[in-house]
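Subject: Structure handover

Hello,

Here is the structure I promised to pass on. Please open it first, then read my notes below with the model beside you.

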Amino acid sequence: MGQKLKITGWVAAGAVAGALTTVSLQTVARGSLAPLPLEELQQLAAVFGMVKSDYVEPVDEKKLISDAISGMVAGLDPHSQYFDKKSFKEFREGTTGRFVGVGIEISQEDGLIKVVSPIEGSPAFRAGLKPNDMITRIDDTAVRGLSLNEAVKRMRGEANTKVLLTIFRKDENRTFPVTITREEIRTQSVRGKMIEPGYGWIRLSQFQERTVEDFVKKVDEIYKQDPNLKGLVLDLRNDPGGLLDAAVAISAAFLPENVTVVSTDGQLAESKSVYKAAPEYYQRRAGSDPLRNLPAALKTVPLVVLVNEGSASASEIVAGALQDHKRATIMGSQTFGKGSVQTVRPLGPDTGLKITTARYYTPSGTSIQAKGIVPNVLVDESAEGSPFAALRMREADLEKHLASGQGPEAKDPERERARDEARKRLEEEAKKPPQDRKVPEFGSDKDFPLVQALNRLKGQPVLVSKTQVIVENKEEKKEN
């Protein structure tokens with residue numbers, strides 16, 4: 001027990017359990033464990049024995065132990081998780097941007113699975129799934145009662161196999177089946193273009209292994225089209241997270257060298273870290289700085305960052321860093337609030353444990369957890385507002401979510417009122433005849449928040465939200 005252990009793990013920060021996760025390799029030296037609670041362990045052994053001998057039918061011993069570990073970890077918070085062989089493989093796939101499935105980003109709401117966003121070009125995208133669609137059944141299995149991770153397992157599978165999803169679309173008040181053929185999903189995490197002469201747009205949908213390389217190529221492409229760029233929009237809407245080093249690199253692309261991007265603080269000494277805008281904090285392999293060829297003008301070009309309730313974890317790190325250093329104007333809606341650090345420790349060659357080990361802090365020392373990033377300028381989804389935004393799931397809504405660290409959190413009465421009003425509006429909408437309400441594509445000329453971002457860059461009037469309610473949890477300042 002007293003022997004020092006060396007454990008290789010990943011520091012992780014994902015939006016929701018079962019979704020994408022922010023990862024960087026680290027080695028942690030662990031000291032001796034505290035004395036084990038023998039009485040409680042004896043009870044655990046006694047229950048194990050009773051189930052083994054008394055249950056109505058034989059049970060597999062290995063499954064019992066695996067389920068016991070899963071239950072112990074799941075009771076901590078929404079992001080800690082035990083990985084069995086299959087889920088550990090899927091976790092590793094998620095960081096590369098390649099996996100076999102239907103191609104949707106999901107969260108959990110009211111016991112059902114909610115589509116946060118279909119991945120562009122995926123089978124789910126082609127099948128017409130939309131953000132806020134609710135999945136009620138996966139094949140013959142009802143979703144209510146399944147964990148998010150169990151739902152992910154059922155939707156993934158072998159390439160060219162089919163899965164039947166039953167969808168409830170709230171705004172049309174109808175339920176319908178969709179059969180989707182699974183295929184390898186190769187997500188393209190970076191898109192971009194010149195929106196109009198002098199103004200560029202770059203969208204990051206995830207932070208993956210290729211994100212920094214693809215970002216550099218896209219920036220180079222835009223600057224070749226217009227070397228005298230007047231303004232740039234960095235679009236992080238519905239970006240659920242990804243690799244921590246990629247988030248640090250994207251921040252460093254816009255910030256002065258060596259300034260703080262994000263810091264972490266937890267119980268372990270190794271959890272108390274500061275990540276800066278320098279190659280040693282984001283360079284994944286030996287070699288030259290991946291940002292070395294970026295145009296120098298990127299450090300000073302006027303910048304607007306678009307965020308919304310689906311922007312989480314790594315995207316919140318980038319938004320928080322650029323906001324605190326006053327490098328960009330953050331516009332949109334308050335972000336998800338996923339500000340906890342998960343470290344993934346392999347338990348063997350094909351199993352692992354993802355456990356919350358720290359909280360993230362912006363450069364000013366403000367905790368992201370359960371609050372997120374509040375934009376400098378609140379902007380709605382459309383000119384008519386964001387009528388159902390209050391109903392969207394955030395970190396603070398997740399059961400057993402980690403608090404910001406300053407005592408119990410009280411419900412925000414103003415937000416509860418906004419939710420009640422949004423539910424009433426939804427009920428009224430449901431009474432209307434079903435109609436196809438297409439959400440404008442991000443980056444299109446009908447993309448209202450993007451139009452407002454361009455107005456901001458041009459010094460023109462911006463249509464600011466008059467209805468959005470900010471989730472007010474106490475901010476925690478890190479003590480150094």
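Start with A370, which sits in the loop between β20 (352–361) and β21. Its phi is positive, about 65°, although A370 is not a glycine. Most residues other than glycine have a negative phi. Is A370 buried or exposed? A370 is buried, with a relative accessible area of 0%.

S313 lies in the loop between β17 and α8 (314–324). S313 is buried, and its relative accessible area is 0%.

A word on confidence. This is a predicted model. The protein chain has an average pLDDT of 84, and 81% of the residues score at least 70. Take care with residues 1–32, where pLDDT stays under 50. For that stretch the model has 121 contacts beyond four places in sequence.

Strands β17 (residues 303–307) and β18 (residues 329–332) pair in the parallel sense, over four bridges. V304 stands opposite T329 in β18.

Then the cores. In soluble globular proteins, nonpolar side chains tend to be buried together. The largest nonpolar core here has 52 residues. Which of them touch the most other members? They are F215, L234, F254 and L298. Helix α7 (residues 244–254) gives the most to this core, with nine residues. Leaving aside neighbours within four places in sequence, F215 is in contact with V190, I202, L204, I250, A253, F254, L294 and L298. A second, separate core has 20 residues, including A124, I138, V163 and V178.

Last, helix α5 (residues 148–155). L148, N149, A151, V152 and M155 are buried there. Why do they lie on the same side of α5? They cover an arc of only 160° around the axis, so they share one side of the helix. An α-helix has 3.6 residues a turn, so residues three or four places apart point the same way.

Best wishes

Key:
Residues are numbered from 1 along each chain as its sequence is written. This is a predicted model: local features need pLDDT of at least 70, side-chain atom pairs count only at pLDDT 80 or more; totals for chains, interfaces and linings use all residues. Side-chain values use heavy atoms; hydrogens and water are left out. Buried means under 20% relative accessible area, exposed over 50%, partly exposed in between (1.4 Å probe, protein chains only). Helices (H or I, at least four residues) and strands (E, at least two) are DSSP runs, numbered from the N terminus. The arc is that of the directions from the helix axis to the C-beta atoms. Two strands pair if DSSP finds at least two bridges between them. pLDDT is the predictor's confidence in each residue, from 0 to 100. Contact means heavy atoms within 4.5 Å. A nonpolar core is a set of buried Ala, Val, Leu, Ile, Met, Phe, Trp, Tyr and Cys residues joined through side-chain atoms within 4.5 Å.
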